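Please consider the structure shown below. The briefing that follows treats its main features topic by topic.

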Amino acid sequence: MSTGGLAVAGLGIVAPGVCRPDDALAPADEAVPGWFQAGSALPGRGYRRLPDACKYLLAASRLAVGDAGDRLSRTAREHRAAVVAINNTGAALMEELDRTIMRDGAAEMSPSSSPYIAMSCFASRLSVEHGITGFSLTVNSPVTAGLEALQLAARAVAADRARTVLVGAVEEALSPSQATAPGSEAGAVVLYCESAAGGRARYGTCRVRSAFLDPAAAASGAAAVFAPLLGDAPPCRIDAVLDDSAVGTAAARWLDQLTGEHDVVIVPAPAQAGCLTPLRRVLGLLAQERGAPARHLVLAASAQGTVTCAELTLAPHRAVGTGGAEAPSV
Amino acid sequence: MSGNRTADVDLEDLRALIAEELELPVEEVTDEADLKNDLGVDSLTAMEVAVQLEKKYRIKLDEEEMKSLTSLAVIHRLVAAKVGTA
C-alpha cells in the first residue's frame, strides 16, 4: 500500500549522545543515567512527574516545532494532528507501578504517571502540549511503527484530515529484568510534517509503502514482496533496518543482489522490536547538509513480517536550521 | 500553640509541600491564593497534592474533600481537622 507524500519542515531528536539532528546517523549510544536533562530540555511547570519517555517525546517535539518556525501557530488547532510510534515505551514504567502496588498499595500510585499505563497517553500528552485537536494516533507495530506513523500521517494529509502532523517515535530503555539483550532503545524523534503538494519541502519529502512477508515463507516470498515495494527505480542508497529473523535474513539476501548498482547499508534492528531506529534514520538523512537533491530509501522489517519503506527525496540545504531559521536552498 | 500551627499541622510546612508539588516558589503560595485561578493548578496536579497530603499527614481525603482544596488556608483547616480527629 502506498500513500501521498509528506513534506518535512522541522526536525527534533532527543537521544543519548545526540546533540543535533545531523548526529542521528551515528550508532545509538547506551542510555546511561543522567543522559537526559529534563530541566533544561523542558523548562517550566508540569513536567516533573511525567514518565521520562513522555519527557523525551515532548522535548523532541519542542525542537521540531521550533525548527519549523511559526508554522504550527499559523495552523488552526483542528488541522493539527499527531501520530506517535511506541513499542517498549511503557514497559519499565508498568513494572515500576506494579512494584508500587505490591509494596505500598494502589493508593500510592502517582496520579500524574499512572495514566501512562495506557500507551495512547503519550500521544495525548503531546497533543495537549501543542494544542492539537485534529486527531492523535498511537502505532505499536514491532520495529516498523515509526515508518508506519509517517504513512498514516501521509494518508491523513492526503485526505485533508490534517494540514500539520507531528510524527514521532519514542522508546524507553527496558529494565534489567525485561531486557533479553543489551541495547534497548531510549529517546524520541519528531518530524514536523505537512502536505508535500502545497508547501515547500524544507528538508525533503517522503513517501511510505508497506507490505507483509509471511515469516513462514520468507525466503521464497521475498522477491514477490520486495520488488514491487522498492519499485522499478529504487534510490541509489538504501538503509535497511533488519534483524536476524527469517524475514530480516530474506530481506538482506534480496537486497544483496542490488549491491553494485546500489549502496545498501544494513542497520541492526534494535533489541526487542523497538521502533525508534528507522525513524531516527529518516531524520538523520533529512538533516544532512547537501548541495543537490538526492533520493534515499529507509526500509525496516520485523520478525512478524511487516515490511515498510520510506522513500525520501532530500532537499538541498545547508546546516540544520534551529529555532525556525530557514535553512536556505542551494 | 502558635498562630501558624493547628493540631500539629504547621502552616509553613504545608505551604512548602504545596509549593513543591506545584513547582512554584514558596512565596507565591499565599494563604488565600486560589489554586486553580491564581496558581494554574489543573485537576491532575490537584490530585497529586491530595496524594501527598494523605501520605504526609496519614489522612484520607474523599472526592468531595479533594474538590474543596481551593487555597492553602482551606487546605490547612481541612488537614488540621483531619489530623485532630485522627
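How many residues does helix α2 of chain B have, and what does it reach from its first C-alpha to its last? Helix α2 (residues 43-57) of chain B has 15 residues and reaches 21 Å between those atoms, close to the 21 Å expected at 1.5 Å a residue; the expected span is 1.5 Å times one less than the number of residues. Helices (H or I, at least four residues) and strands (E, at least two) are DSSP runs, numbered from the N terminus.

This is a predicted model, in which local features need pLDDT of at least 70 and side-chain atom pairs count only at pLDDT 80 or more, while totals for chains, interfaces and linings use all residues. Residues are numbered from 1 along each chain as its sequence is written, and chains are lettered from A and ligands numbered from 1 in the order in which they are written.

**Chain B**

- Chain B contains 4 helices and 2 strands, arranged along the sequence as β-β-α-α-α-α.
- Of the 86 residues in chain B, 26% are buried; a residue is buried if 20 or more other C-beta atoms lie within 10 Å of its own, exposed if 12 or fewer, and partly exposed in between, with C-beta atoms placed from the backbone.
- Within α2(B), the buried residues include Thr45(B), Glu48(B), Val49(B), Ala50(B) and Leu53(B).
- After α2(B) comes Arg58(B), which has a positive phi near 55 degrees.
- Of the contacts in chain B between residues at least 6 apart in sequence, 53% join residues at least 24 apart; two residues are in contact if their C-beta atoms, placed from the backbone, lie within 7 Å.

**Contact between the chains**

- Chain B contributes 5 residues to the contact and chain A contributes 6 residues.
- The side of chain B that touches chain A has 3 nonpolar, no polar and 2 charged residues. In this classification Ala, Val, Leu, Ile, Met, Phe, Trp, Tyr, Cys and Pro count as nonpolar, Asp, Glu, Lys and Arg as charged, and the others, Gly among them, as polar.

**The sheet of chain A**

- An open sheet of 10 strands with mixed pairing runs in the order β3-β2-β4-β5-β1-β6-β10-β9-β7-β8 in chain A; two strands pair if DSSP finds at least two bridges between them.
- Axes are lines fitted to C-alpha atoms, for helices over the stretch in contact, and angles run from 0 to 180 degrees between N-to-C directions.
- Strands β9 (residues 294-301) and β10 (residues 306-314) of chain A run antiparallel and are joined by 8 bridges; Arg295(A) has Thr313(A) in β10(A) as its bridge partner.
- Helix α6 (residues 218-230) of chain A packs on the sheet against β6 (204-212), β9 and β10 of chain A, at about 20 degrees to the direction of β10(A).
- Helix α7 (residues 246-256) of chain A also packs on the sheet, touching β7 (237-242), β8, β9 and β10 of chain A, and its direction makes about 160 degrees with that of β7(A).

**Strand β5 of chain A**

- Because 9 of the 9 residues of β5(A) are buried, the strand is largely enclosed by the rest of the structure.
- β5(A) pairs with β1(A) in the antiparallel sense over 8 bridges, and Leu191(A) in β5(A) is the bridge partner of Leu11(A).
- β5(A) also pairs with β4(A) in the antiparallel sense over 8 bridges, with Val165(A) opposite Cys193(A) in β5(A).

**Domains of chain A**

- Chain A is assigned domain 1 (6-203) and domain 2 (205-314), with bounds from an automatic or database domain assignment.
- The C-alpha centres of the two domains of chain A lie 23 Å apart.
- Between them, 40 residues of domain 1 of chain A are in contact with 31 residues of domain 2 of chain A.
- On the side of domain 1 of chain A that touches domain 2 of chain A, α5(A) gives the largest share, 7 residues.
- That side of domain 1 of chain A has 26 nonpolar, 10 polar and 4 charged residues.

**A loop residue of chain A**

- Ala179(A) lies in the loop between β4 and β5 of chain A and counts as partly exposed because it has 16 C-beta neighbours inside 10 Å.
- Leaving aside neighbours within four places in sequence, Ala179(A) is in contact with Leu174(A), Ser184(A) and Ala271(A).
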